[in-house]
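User: Please walk me through this structure. I want to learn how to read its features one by one.
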Amino acid sequence: GASWTALFLAAGKNVCVFDISDTARDSVEAYVANAWPTLLEIGLAEDGRRGNLSFTDSPEEAVSDADFVQENVPERLEIKLDLYRRIEPHLKPGCVVASSASGLMVKEMQPGFQDPSNFVLGHPFNPPHLIPLVEIIGNDKTSQDAITAAERFYAEVGKTTIRVKCEVPGH
């Protein structure tokens, strides 16, 4: 969550955060403030380019204007499936939803969507705001446009993508 937020803001992306934690806002803002000098120093951020950060109380509102959704909820399948069912009706056409799951497979998470074609796994190497690698995984239900859009988005935020061509546990 917070490390992705810092990275996206550094790339000039506007970020809307939804988190059920009462302390999420303070935690995210503190993380971004702490990470910002490092992001400037290593060239991932530029003065004057920072995106806007906002917070919302509902996942539906968080995704309603998004072109790309980076989902970071706990790795419990029932939580992810419930979230996907809630947000799908509010997604703009073509919006890619990327899960940063490391222990779940794309095929396990896709049932949360009526149309899983824009769902990918976007798994970062940690910490995401410093290590420039992210795995992208789809399958036969994932559109190639979604894979390409995810690669393009991650490139815009300074990531090098690794396209994993076969789903395997643990990637």
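Analyst: We start with the whole chain and then turn to single elements and residues.

User: What should I know before reading?
Analyst: This is a predicted model: local features need pLDDT of at least 70, side-chain atom pairs count only at pLDDT 80 or more, and totals for chains, interfaces and linings use all residues. Residues are numbered from 1 along each chain as its sequence is written, and side-chain values use heavy atoms, leaving out hydrogens and water.

User: How many helices and strands are there in the chain?
Analyst: Helices (H or I, at least four residues) and strands (E, at least two) are DSSP runs, numbered from the N terminus. The chain has six helices and seven strands. From the N terminus the order is α-β-α-β-α-β-α-β-α-β-β-α-β.

User: How much of the chain is buried?
Analyst: Buried means under 20% relative accessible area, exposed over 50%, and partly exposed in between (1.4 Å probe, protein chains only). Buried residues make up 47% of the 171.

User: Why is helix 1 described as largely enclosed?
Analyst: Count its buried residues. Helix 1 (residues 2-10) has nine of nine buried, so the rest of the structure largely encloses it. Among them are Trp 4, Leu 7 and Phe 8. Just after helix 1, Gly 12 takes a positive phi of about 85°.

User: How should I read the two faces of a strand?
Analyst: In a regular strand the side chains alternate between the two faces of the sheet. In strand 3 (residues 68-71), both faces are covered. Phe 68 and Gln 70 lie on one side, Val 69 and Glu 71 on the other, and all are buried.

User: Which strand pairs with strand 3?
Analyst: Two strands pair if DSSP finds at least two bridges between them. Strand 3 and strand 4 (residues 96-99) pair in the parallel sense over four bridges. Phe 68 stands opposite Val 96 in strand 4.

User: What about strand 6?
Analyst: Strand 6 (residues 133-137) has four of its five residues buried, so it is largely enclosed by the rest of the structure. Strand 5 (residues 119-124) pairs with strand 6 in the antiparallel sense over four bridges. Strand 7 (residues 160-164) pairs with strand 6 in the parallel sense over five bridges. Val 134 is the bridge partner of Pro 124. In strand 7, the bridge partner of Val 134 is Thr 161.

User: Is Lys 80 buried or exposed?
Analyst: Lys 80 is buried, with a relative accessible area of 1%. Lys 80 sits in helix 4 (residues 77-87). Leaving out residues up to four places away in sequence, Lys 80 touches several residues, including Glu 71, Glu 75, Ser 99 and Met 109.

User: Is Gly 103 buried or exposed?
Analyst: Gly 103 counts as exposed, at 56% relative accessibility. Gly 103 lies in the loop between strand 4 and helix 5 (106-109). Setting aside neighbours within four places in sequence, Gly 103 contacts Glu 75 and Glu 108.

Methods. Contact means heavy atoms within 4.5 Å.
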